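Here is a short tour of the structure below, written for someone who likes to know where to look. Please keep the sequence and the 3D view open side by side as you read.

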Amino acid sequence: MKSVLKRLAAVVVAGVGVVSLATAPAQAATVITAHLEIGFNTGVPAARTINLNVHVPMNEYDANGYLIHGARIQVRFYGSDPGSDPMIYGPITWYRGDYGLTAGADGIHLDYGWEVPQGSFLNEDSGFANNGDEVYIVAKFIDGDGATISATSNTEEGIY
Ligand SMILES: [Ca+2]
Ligand SMILES: [Ca+2]
């Protein structure tokens, strides 16, 4: 009798698990990381390369579930300045199916890159005394219900 009850309990637990997986992601997303890389393409004309890497760890089932239910990744660029930092570009938003946004075994990834000419929005300081630029991104993961987590990337410094 005891073992029958145990088996029944196991069946009930398994059934609950299946139902929750079918309706919504099982775990709330709590972690997000963001990385920015600004490089140099010495082609003609020369260009600045921008690469974004944003990662929201979770299992693959949840990653697909979130994106199917409208989750997206949103990126804004900021220039680091004394006082408050101005937003210099964005927001740019990636939804399911957009190039660079993928769901995989370790979660949701945004891997996206493009090129801009010298003197683009990355040139956030252009004063005579202070021409160096300090640029970072803030990446947000916004789920289908609007719940948001965000991360600030490293700061890239150069003459952009
Ligand atoms: Ca600055
Ligand atoms: Ca500059």
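## Confidence first

Take care with residues 11–22, where pLDDT stays under 50. For this stretch the model has three contacts beyond four places in sequence. Where pLDDT is low, the predicted coordinates should not be read in detail.

## The E1–E2 hairpin

Strand E1 (residues 33–41) and strand E2 (residues 47–57) run antiparallel, joined by nine bridges. Together they form a hairpin, with five residues between the two strands. To find your bearings in the pairing, look for His35, which stands opposite Asn53 in E2.

## The nonpolar core

Which residues have the most contacts inside the largest nonpolar core? They are Leu52, Ile73, Ile108 and Ile137, in a core of 27 residues.

Beyond its neighbours within four places in sequence, Ile73 is in contact with Val54, Trp94, Leu101, Leu110, Ala139 and Phe141.

## Helix H2

The buried residues of H2 are Asp62, Ala63, Gly65, Tyr66 and Leu67, and they pack against E5 and E6. Just after the helix comes Gly70, with a positive phi of about 100°.

How values were computed. Residues numbered from 1 in each chain as written. Chains lettered and ligands numbered in written order. Predicted model: local features only at pLDDT ≥ 70, side-chain atom pairs only at ≥ 80, totals over all residues. Pairing = 2+ DSSP bridges. Helix = DSSP H or I, 4+ residues; strand = E, 2+ residues; numbered from the N terminus. Core = buried A, V, L, I, M, F, W, Y, C linked by C-beta atoms within 7 Å. Buried ≥ 20, exposed ≤ 12 C-beta atoms within 10 Å, placed from the backbone. Contact = placed C-beta atoms within 7 Å. pLDDT = per-residue confidence, 0-100.
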